[in-house]
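The following note is intended for a colleague who is new to this entry. Please read the numbered points alongside the sequence and the model.

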Amino acid sequence: MALLEIRNLHVNVEGAEILKGLDLTIEPGKVHAIMGPNGGGKSTLAKALVGDDAYEITQGEVLFNGQDLLEMDPEERAREGVFLGFQYPVEIPGVSNTYFLKAAVNAIRKHHGQDEIDAMEFLELVRERARRVKLDEGLLQRPVNEGFSGGEKKRNEIFHMSVLEPSLGILDETDSGLDIDALRTVSEGVNAMRADDRSFLVITHYQRLLDYIVPDVVHVLMDGRIVKTGGKELAHELERQGYEGFEDNAA
Amino acid sequence: MSASTETIERFTEKGYEAGFVTNIEEDRVEPGLNEDVIRFISAKKNEPEWLLEWRLEAYRNWLNMPEPDWQYVHYDPIDFQSISYYAAPKRDEDRPQSLDDIDPEIRETYNKLGIPLHEQEMLAGVAVDAVFDSVSVATSYKDRLAEQGIVFCSMSEAVQEHPELVRKYLGTVIPQNDNYFAALNSAVFTDGSFVYIPKGVRCPMELSTYFRINAANTGQFERTLIIAEDSSYVSYLEGCTAPMRDENQLHAAVVELVALDNAEIKYSTVQNWYPGDAQGKGGIYNFVTKRGLAAGDNSKISWTQVETGSAITWKYPSVVMRGDNSVGEFYSVAVTRLRQQADTGTKMIHLGKNTRSTIVSKGISAQEGQQVYRGLVRIAPTAENARNYSQCDSMLMGSECGAHTFPYLDVNNTTAQLEHEATTSKIGEDQILYCLSRGIAEEDAVSLIVNGFCKEVFRELPMEFAVEAQKLLEITLEDSVG
């Protein structure tokens, strides 16, 4: 069974149709990349999948592990294993990063009928995962994203993902604003999480990220639809040619 | 309507959980205010002649004072003649000697509020001076405190047993004619708390009073006086909640603090009076004057307040820093929801050299709540090297509420250094989505965000009180984001 199956998805934002019948299937253990020009609907897809209510689903269906994802509340989707690494992570003043993550971990555990995590065990877990993505340990006690640099915020998203261990990690332009060293670390963090029972949907503008996180499948998203699907070499092709020439397919 | 808007509305529509009424036979005067009523109150309390004269003087002043109208709140004119100015539980003479003697019905009231006295006494080691209606009905731990020379009793008792202290300090921080409501209080105050900490004594426990307004149409005029002698320390907690009533209830308290050389007073309040219903009906009018005099060198006065109740709040806990190197602090969280209105803030008056003040104000407005921060920082010509730091943050939940900030500065010494920071934020749908996307439920997300916003104030509260305050905020805002 596919991990994620999207059929004929139509999404409106403020009355305008952005996704116009998108189909996408992701098998367990696979890394899919979505590329495409601005305004094509990449971030809309990410937001619609996590259940942002500013994104109105007008048609289509989404199955996650065979369950109707669109019927679930956003927090339920997260507890079932969907994770979004935000393009613009928000700040939550006064709430420590660790405290926040602990609330998230325990909400997920409760959903699966597990007891709350032991405090010491949790502390060890976050320290280990912070090291893995080279997140400065000082940022663990700081308020969530407050005063973090752009790179630190993105790294923090990957850190959250590595603590929460979702079965689907959606990364929305995680590479934007990262220098090459940060890009490498973030990618290593993602690669370390690759597993047979975990998939990724990597949204990016640039082929560069895909040198580090090597995808199994690459899609081109334009004007609300997937217009082309191929292997990792498709990313290189796009890098050379740009998106022109795909437009005909999209029409 | 978005999911979070719904959550906010669900939270804010929650009924007032502390709304219930206790029946106790009362000993009260007919509504109305005149010199005879004041004489009645004074006689009832067996007061010395000078105090009666003091009250009458305040009353005569009050008659000639205009009711203030500069504050940013709206309410129908108060009919001061329709208020009854005295109500006391019966058997004034044989007041209970220990908690066991307290009327079971009163204890039940406290139990409903989740603050059983005996548990507090045993678990928290808190001495409780409970003001029920206008007369204190319970005072505990008195003996233990007395061993160190600490006086913690009702104001009525202090007038009988420590008249010299009361006479020396009453009205010295807030004069009788300071303002309209303080003058009214001076004329008709019925009871309150009195604390005296002798020289060099560090009060071994948090002193606490639970106020509760219970008689319909009875104005409450509490008068509290705390004196900290040289090099002493005291932390005082004030927590309040009132039963649900339809009539507006006027509350005009006066709290005076005096800290002498090297003394420190920490005064913390959690206020949860009935805010009125969603149409703005009912609710307490809370017109309070609170002021501390950091009289001695190196003295410190700190106000911390968490205000979630009352229909109308008019309150500016202030510090006059007269001693050199003295310190004034004001930490506040105020919540206005439903149709609550609050005009609140502080005054920091720097007179001595090297005086320092800190203001941290956090305002949360939800539904149709309106809130004003009004703060004054005055640096007198004598206040060499004075410092002030002010931070005023407002959080809005929904689009019908409002937040306004009026900071006033009056600087008369060029060596002063002042910093002011202000922010207004809307509790973001994006912040909530971020929490949801990590698996955190919406209600937990709101409480997480709000508690984070208020953290700098909560950490100033004594431990148990901080927990209580967080819980109160959670209950209050359980359904208020948008």
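**Cores, sheet and helices**

1. The largest nonpolar core has 111 residues, of which Leu45(A), Ile364(B), Val450(B) and Leu473(B) touch the most other members. Helix H11 (residues 442-458) of chain B gives this core its largest share, nine residues. Another core, of 59 residues, lies apart from it and includes Val29(B), Trp62(B), Ile78(B) and Ala187(B). A nonpolar core is a set of buried Ala, Val, Leu, Ile, Met, Phe, Trp, Tyr and Cys residues joined through side-chain atoms within 4.5 Å; buried means under 20% relative accessible area (1.4 Å probe, protein chains only).

2. This is a predicted model: local features need pLDDT of at least 70, side-chain atom pairs count only at pLDDT 80 or more, and totals for chains, interfaces and linings use all residues. Residues are numbered from 1 along each chain as its sequence is written, chains are lettered from A and ligands numbered from 1 in the order in which they are written, and side-chain values use heavy atoms, leaving out hydrogens and water.

3. Chain A holds an open sheet of four strands with antiparallel pairing, in the order S2-S1-S4-S5. Strands S2 (16-26) and S5 (67-68) of chain A stand at the edges with a single partner strand each, so one side of each has no neighbour in the sheet. Strands are DSSP runs (E, at least two residues), as helices are (H or I, at least four), numbered from the N terminus; two strands pair if DSSP finds at least two bridges between them.

4. Strands S1 (residues 4-13) and S4 (residues 55-64) of chain A pair in the antiparallel sense over eight bridges. Val13(A) stands opposite Tyr55(A) in S4(A).

Methods. Buried means under 20% relative accessible area, exposed over 50%, partly exposed in between (1.4 Å probe, protein chains only).
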